[in-house]
Amino acid sequence: MSFLEAARFAFRTIRAQKLKSFFSLIGVLIGVTFLIAVVSVVQGMNRYMVDRFANALIGANTFELRQRPSILTDDVTEDVWREWRRRPRISYDDADYVRERIRTPATFAKFCSDRVNVSYAGKVAKDVDLVGTEETYFRIRNYEITAGRTFTAQEVRAAVPVLVVGSELADKLIPKLDPIGKTVQIGGLPYRVIGVIAKQGTLFGISLDKFAVMPFNAPGRRLICPINILDALIVRADDPTQMQRAQAEAEAAMRARRQLKPDQANNFAFQTAEGALSTWQKISRILFLALPGLVAISLVVGGIVIMNIMLMAVSERTREIGIRKALGARRRDILAQFVVEAAALSSAGAVLGIGLGLVLAWVVKAFTPLPAAVAPWSVAVGVVLGVTVGVAAGVYPASRASRLDPIVALRAE
């Protein structure tokens, strides 16, 4: 019997016994659905954490020189907190010293930020992220300007009170009006809006567009940083290799400036996208390590169910097997029929599981804050698992059917 003929017999039997066939494939369906859905969510989270979390908050090929890390992904002990608080802050002189000693081509920006209230014509926007920085900051963050312009190096040196705002702040504070040229109040000080940054979206449901950027030494500096103090020096290189080289040069410069001995730990910190992602990467690895075991449980259950159904089918079709053997069917023909039938059941469960998994991934992406991105390899793995489970579960019932004596089988009722 050819494979196509065996498949034809198998699918004819599956169509004739729809309910029994459906219950046979449930185990495989659940296992493959779980595989596709979980992998899609984890893959989506991986992309989200890289593209939206780390790159949006820090930036690609970028590091920040800070007093202590700004993004904490692990538990920090009280002793560590006390040590961090005792560290000296990053000063303007520190930033200039490091900038002069980094030989790797890079872009630099002094940086301070804090939450403030911004008002215009009686309206007040609360908890706005006010950033004080240099003109290079917009290039480091890859901000697109939708209206107006960014401030210039001359305006930074002259401490001109100008402001570039996020799209949400512009829409809520100055709705239905062109914000360019309008004067807003920050801490009682007037600031002229000169630009609007393109919409950045949200991060875990938190808006990334409620912010304003001013020259770092403008009058509002007292609201976000003490005089001559920075939150960070931001450094961006052209690629990861150059970033690592620039970071090493910055570390050497800071250790020399603060006269740290070789056995002394750094009393400053570097924040990078990779560092911010470290905890999530650990969680992701654990999920991927646990996933095979969780899927295997469903597939084993599914395989056992298919094997039991096939054994029942052998008992129910003993007389049919006897007739086929009496008409010349060989042992391998009977074996092929039952193995293909089991593989077809399992494969059907895998296909339905892939479809249901894709639907679940879409539902998660559409109706929850969690992102989802289907990994093509997970679909391929689902198909392979379906066929493998079916073949493994069908071998014993098929072998048992193929060994039946035709005379004994014909006497079966």
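Visitor: Which residues does Leu230 touch, not counting residues up to four places away in sequence?
Guide: In this predicted model, local features need pLDDT of at least 70 and side-chain atom pairs count only at pLDDT 80 or more, while totals for chains, interfaces and linings use all residues. Residues are numbered from 1 along each chain as its sequence is written, and side-chain values use heavy atoms, with hydrogens and water left out. Leu230 lies in strand β12, strands being DSSP runs of E of at least two residues and helices runs of H or I of at least four, both numbered from the N terminus. With contact taken as heavy atoms within 4.5 Å, Leu230 touches Arg89, Ile90, Ser91, Tyr92, Ala95, Lys110, Phe111, Cys112 and Cys225.

Visitor: How many residues apart in sequence are Leu230 and Cys112, and what is their C-alpha to C-alpha separation in space?
Guide: Leu230 is buried at 2% relative accessibility, where buried means under 20% relative accessible area, exposed over 50% and partly exposed in between, with a 1.4 Å probe and protein chains only. Leu230 and Cys112 are 118 residues apart in sequence, and their C-alpha to C-alpha separation in space is 5.5 Å.

Visitor: Which cysteine is joined to Cys112 by a disulfide?
Guide: A disulfide is counted when a pair of cysteine sulfur atoms lies within 2.5 Å, and by this rule the count comes to 1 disulfide. Cys112 lies in strand β3 and its partner in the loop between β11 (211-215) and β12 (229-230), so the pair ties together parts that are 113 residues apart in sequence. Both cysteines of the pair are buried, and the S to S distance is 1.9 Å, the partner of Cys112 being Cys225.

Visitor: Why is the disulfide of Cys112 and Cys225 assigned its handedness, and what is that handedness?
Guide: A disulfide is a covalent bond between the sulfur atoms of two cysteines. Because the torsion about the S-S bond of Cys112 and Cys225 is about -95 degrees, this disulfide is left-handed.

Visitor: Is Lys110 buried or exposed?
Guide: Lys110 lies in strand β3. Beyond four places in sequence, its contacts include Tyr92, Asp96, Glu134, Phe216 and Leu230. With a relative accessible area of 7%, Lys110 is buried.

Visitor: Which residues form the covered face of strand β7?
Guide: In a regular strand the side chains alternate between the two faces of the sheet. Strand β7 (residues 183-186) has Thr183 and Gln185 on its uncovered face, and the covered face is formed by Val184 and Ile186.

Visitor: Which residue in β8 is the bridge partner of Ile186?
Guide: Two strands pair if DSSP finds at least two bridges between them, and 4 bridges join β7 to strand β8 (residues 189-197), the two running antiparallel. These strands form a hairpin with 2 residues between them, and Gly187 in the turn has a positive phi of about 60 degrees. The bridge partner of Ile186 in β8 is Leu189.

Visitor: Which residues touch the most other members of the largest nonpolar core?
Guide: A nonpolar core is a set of buried Ala, Val, Leu, Ile, Met, Phe, Trp, Tyr and Cys residues joined through side-chain atoms within 4.5 Å. Leaving aside neighbours within four places in sequence, the contacts of Leu163 include Leu130, Val184, Ile186 and Val193. Of the 61 residues in the largest core, those touching the most other members are Leu163 and Val184.
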